[in-house]
Amino acid sequence: MKSLVEAGKVRHLGISEASSATIERAHAVHPVSALQSEYSLWSRDPEDGVLDTCRRLGIGFVAYSPLGRGFLTNEVSNREGTSDGDFRKHQPRFSGEAYDQNLTLLANLEAIAESKGASVAQLALAWVLSRGPDVVPIPGTKRRKWLHENIAADDVILSDADVAALEAAIPRDAVAGDRYVAAGMRNLNA
């Protein structure tokens, strides 16, 4: 990839779902501009040193799935999937007892959203935005109404007390189930 930059075919390099050690190794070969990893109230792995590594090296952080694959929204169809072909139906966090346990966490978030006059999605995005100017969420959407809702998250101001309440509503280690099935988990933070 470094040779592509040197040839002028690529301007910047980014990597995805890398551990701190991998980021360090890649950055030593050629400066990495951005790291993309899953990061949300219910996927907090980057807090285990990856964000610190990015900040120390001046690497931007792109948070994908900041809405927990639709779980951190008010839309039931987003949480449960819309069809039998929806990959979420087969993911551990969306299955069986884990799903039921995660719904109780979501109820905590819904109560805070109601008190703030915001949607659950807006609160979830505002929390990611509160992580720092070097953290940029990239929520996916299928509907214009959700796009507008997501954009309005930038207007949600969170105090330190609000951030603490959100993190207490969905404690880091309380989310039930892995992000992916076992085979997918082996590829994370490598």
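Is the crossing of helix 2 and helix 3 left-handed or right-handed? In this predicted model, the crossing of these two helices turns out to be right-handed.

For helix 2 (residues 20-29) and helix 3 (residues 50-57), the angle is about 20° and the axes lie 9 Å apart. Angles under 35 degrees count as roughly parallel, so helix 2 is roughly parallel to helix 3. On the helix 2 side, the contact is formed by Ser-20, Ile-23, Glu-24 and His-27. Their partners in helix 3 are Val-50, Thr-53, Cys-54, Arg-56 and Leu-57. Sorted by class, the residues of this contact comprise 4 nonpolar, 3 polar and 2 charged.

Thr-22, Ile-23 and His-27 are buried. Viewed down the axis of helix 2, the buried residues fall within an arc of 130°, so they line one face of the helix. What do the buried residues of helix 2 pack against? They pack against strand 1 (13-16), strand 2 (32-38) and helix 3. Ile-23 and His-27, both buried, are also among the residues of helix 2 that meet helix 3. On the other side of helix 2, by contrast, Arg-25, Ala-28 and Val-29 are exposed.

A second pair of helices can be read in the same way. Helix 5 (residues 96-116) and helix 8 (residues 160-169) pack at an angle of about 155°, and their axes are 8 Å apart. Because angles over 145 degrees count as roughly antiparallel, helix 5 and helix 8 are described as roughly antiparallel to each other. Helix 5 contributes Leu-105, Asn-108, Leu-109, Ile-112 and Lys-116 to the contact, while helix 8 supplies Asp-162, Ala-165, Leu-166 and Ala-169. The class count for this contact is 6 nonpolar, 1 polar and 2 charged residues.

The last stop is in a loop. Ser-65 is found between strand 3 (60-64) and helix 4 (76-80). Is Ser-65 buried or exposed? Its relative accessible area is 17%, and buried means under 20%, so Ser-65 is buried. Leaving aside residues up to four places away in sequence, Ser-65 touches Glu-38, Tyr-39, Ser-40 and Ile-138.

Note on methods: Residues numbered from 1 in each chain as written. Predicted model: local features only at pLDDT ≥ 70, side-chain atom pairs only at ≥ 80, totals over all residues. Heavy atoms only, no water. Axes fitted to C-alpha atoms, helices over the stretch in contact; angles between N-to-C directions. Helix = DSSP H or I, 4+ residues; strand = E, 2+ residues; numbered from the N terminus. Parallel < 35°, antiparallel > 145°, perpendicular 65-115°, else oblique. Left-handed = near helix turned anticlockwise from the far one by under 90°. Contact = heavy atoms within 4.5 Å. Nonpolar A, V, L, I, M, F, W, Y, C, P; charged D, E, K, R; others polar. Buried < 20%, exposed > 50% of the residue type's maximum accessible area, 1.4 Å probe, protein only. Arc of directions from axis to C-beta.
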